[in-house]
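Hello,

Have a look at it first, and then read on.

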Amino acid sequence: MPEFSEKLSRRIFIICAVIMVLGAAFLYGVIAQALNLFPAAQLRTAYETFTTISESGLSDDPVGEHLQPTRGQGEGVTVNTLPEDDALVFMAGFFDGENQIRLIRRDGTLVRKWSLDYTEHFPDAETRPCRRATPLRVDVHGALATPSGEVIFNYEYCGTVKLDACGALIWRIEKPTHHSLVPARGGGYWLLGRYFWGTDRNPDRFPPFSMSRHNRIMLEDTLLRIGEDGRVIEENSIPVMMRDSGLEALLTATGERFEPDSPGRNELVHANKVAELLPEIADAYPLFEAGDLAISMRKLNLVMVVDPETKRVKWHQTGPWLRPHDPEFRPDGRISVFNNNAYRTAYPDAKVDLNSPFSTNIMVVDPVSRETEVIFGERPGQEMLSVIRGQHELLDEDGLLITEFDAGRVLQVTAEGEIVWEYVNRYDDEFVGEITNAMIYPEDYFEGGLPTCSP
């Protein structure tokens with residue numbers, strides 16, 4: 001009996017000790033949360049990093065991240081009513097089960113392809129911008145070909161690469177770059193970058209977003225200019241440009257409470273395209289000058305024009321486009337916009353709900369009168385739905401080359417809205433592969449033709 005009593009007492013002591021430890025841990029957790037003591041900030045940072053990765057679309061199926069449900073629009077070249085020419089269509093996206101850039105003829109014949117392996121182009125896991133990425137955990141967004149047959153492209157948020165005509169690495173930029181890559185007047189390229197910083201060490205960097213009692217990882221988009229050799233010439237914060245131009249009201253008019261425990265979104269603007277006003281059409285824009293830059297921002301439904309010298313915003317307009325991409329300066333003095341015109345409610349589980357309205361269109365705006373017009377996407381036969389991404393290129397005689405990302409589709413249309421060429425990147429019976437960028441290059445674009453590559 002005394003032995004039983006001793007065992008019972010020991011068990012009661014252990015139970016009480018466990019309860020006291022758990023109670024003390026809970027009490028410390030409450031205090032740590034309130035006073036931002038260890039390890040509250042570290043746990044929040046880990047949580048935000050995890051949720052940021054989750055929101056970027058990571059899953060157990062990296063191939064599936066590049067696929068969307070087919071709309072039954074065929075496979076390969078499905079429309080081609082154009083006369084024979086020697087033009088080459090440049091496309092970047094997910095082909096043959098890999099990230100790839102390719103050049104094809106109008107009939108779909110493959111002329112050249114570049115297989116893109118992120119870990120091959122960024123072999124050092126310690127210095128690559130996306131350290132945990134595998135080749136299919138990244139994709140390509142923002143790409144072009146040079147007259148020498150080289151290709152330059154962004155691995156989305158994971159760096160920029162230049163390859164020669166046969167796929168050999170020329171240079172790489174080990175910075176988070178994304179969405180956009182266009183030639184700059186006078187040489188080099190404009191593209192978008194991103195700066196990651198914590199509010200615990202930078203409380204005064206960007207109030208009110210940085211004024212949190214808890215550490216948060218902030219995502220601040222930048223405007224980058226690089227040289228032909230890949231050297232960064234300049235980098236400037238897009239949110240700072242807006243704030244310094246008196247547009248703080250736009251940055252903060254999105255419903256955030258801006259309390260110490262709830263400081264608002266951690267991605268400040270989500271910029272997604274930069275375009276430069278060329279000298280040959282600058283006279284059509286009385287408000288702007290050659291070299292001015294148009295930048296679009298999805299989260300703010302915003303398109304603005306910036307002076308690249310002073311970094312001041314000269315013009316801006318919010319809507320009527322919704323979650324837009326890809327502004328372009330047109331020869332007629334208007335700016336055209338790829339108007340996604342859809343919310344992510346049409347994107348459950350990162351796949352398009354094909355029962356959603358096909359409401360994506362191409363819209364133009366007159367910067368002076370601010371009048372807008374839909375030039376493609378409103379009439380029967382023009383239906384599009386790209387919840388995210390998408391782009392358009394301006395062609396001669398006011399034609400367009402449109403990349404409908406979520407449909408894995410590229411279509412060329414006339415000024416009257418007639419589809420004269422279409423390509424569908426069919427993956428299998430159920431899915432299409434994403435296409436992020438497309439351009440048309442005339443045969444004489446490549447100096448002396450494309451170099452021959454050994455097998």
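This is a predicted model: local features need pLDDT of at least 70, side-chain atom pairs count only at pLDDT 80 or more; totals for chains, interfaces and linings use all residues.

**Disulfides**

How many disulfides does the count come to? The answer is 2, and with the bonded cysteines numbered in sequence order the pairing reads 1-2, 3-4.

One of them joins Cys 130 to Cys 158, with an S to S distance of 1.9 Å. The torsion about its S-S bond is about -85°, so this disulfide is left-handed. Cys 130 sits in the loop between helix H3 (118-121) and strand E6 (140-145), while Cys 158 is in the loop between strand E7 (151-155) and strand E8 (159-163); the pair links distant parts of the chain, 28 residues apart. Are these two cysteines buried or exposed? Both Cys 130 and Cys 158 are buried.

Cys 166 and Cys 453 form a disulfide as well, and their sulfur atoms are 1.9 Å apart. This link is also left-handed, with -90° about the S-S bond. Cys 166 is in the loop between E8 and strand E9 (169-173), and Cys 453 is in the segment after strand E27 (435-441), so the bond ties together parts that lie 287 residues apart in sequence. Cys 166 has a relative accessible area of 43%, so it counts as partly exposed. Cys 453 is partly exposed too, at 26% relative accessibility.

Within the pairing, Lys 162 stands opposite Trp 171 in E9. The hairpin has 5 residues between its strands, and Gly 167 there takes a positive phi near 100°.

In soluble globular proteins, nonpolar side chains tend to be buried together. Here the largest nonpolar core has 33 residues, and the members that touch the most others are Phe 90, Ile 101, Phe 153 and Tyr 155. A second, separate core has 26 residues, among them Leu 192, Met 218, Met 241 and Met 297.

**A four-stranded sheet**

Strands of a sheet pair through backbone hydrogen bonds, either parallel or antiparallel. In this model there is an open sheet of 4 strands in the order E14-E15-E16-E17, and its pairing is antiparallel. Which strands form its edges? They are strand E14 (271-276) and strand E17 (313-318), each of which pairs on one side only. From one strand to the next, the twist averages 15°.

In this sheet, strand E15 (residues 293-297) and strand E16 (residues 302-306) run antiparallel and are joined by 5 bridges. Met 297, which belongs to the second core, stands opposite Leu 302 in E16.

**Salt bridges**

The structure holds 31 salt bridges, and I picked out a few for you.

- Lys 175 pairs with Glu 235, the closest N and O atoms being 3.0 Å apart. Lys 175 lies in the loop between E9 and strand E10 (177-183) and Glu 235 in strand E13 (residues 232-237), so the pair ties together parts 60 residues apart in sequence. Both are partly exposed, Lys 175 with a relative accessible area of 25% and Glu 235 with 32%.
- Arg 205 and Glu 220 meet through their side chains at 2.8 Å, N to O. Arg 205 counts as partly exposed at 32% relative accessibility, whereas Glu 220 is buried, with a relative accessible area of 1%.
- Asp 332 forms a salt bridge with Arg 330, and their closest N and O atoms are 3.2 Å apart. Asp 332 is partly exposed at 38% relative accessibility, but Arg 330 is buried at 5%. Salt bridges with shared partners join Arg 330, Asp 332, Arg 334, Glu 373 and Asp 398 into one network.

Happy to go through any of this with you.

Best wishes

How values were computed
Residues are numbered from 1 along each chain as its sequence is written. Side-chain values use heavy atoms; hydrogens and water are left out. Two strands pair if DSSP finds at least two bridges between them. Helices (H or I, at least four residues) and strands (E, at least two) are DSSP runs, numbered from the N terminus. Axes are lines fitted to C-alpha atoms, for helices over the stretch in contact, and angles run from 0 to 180 degrees between N-to-C directions. A nonpolar core is a set of buried Ala, Val, Leu, Ile, Met, Phe, Trp, Tyr and Cys residues joined through side-chain atoms within 4.5 Å. Buried means under 20% relative accessible area, exposed over 50%, partly exposed in between (1.4 Å probe, protein chains only). A disulfide is a pair of cysteine sulfur atoms within 2.5 Å. A salt bridge is a side-chain nitrogen of Lys or Arg within 4 Å of a carboxyl oxygen of Asp or Glu.
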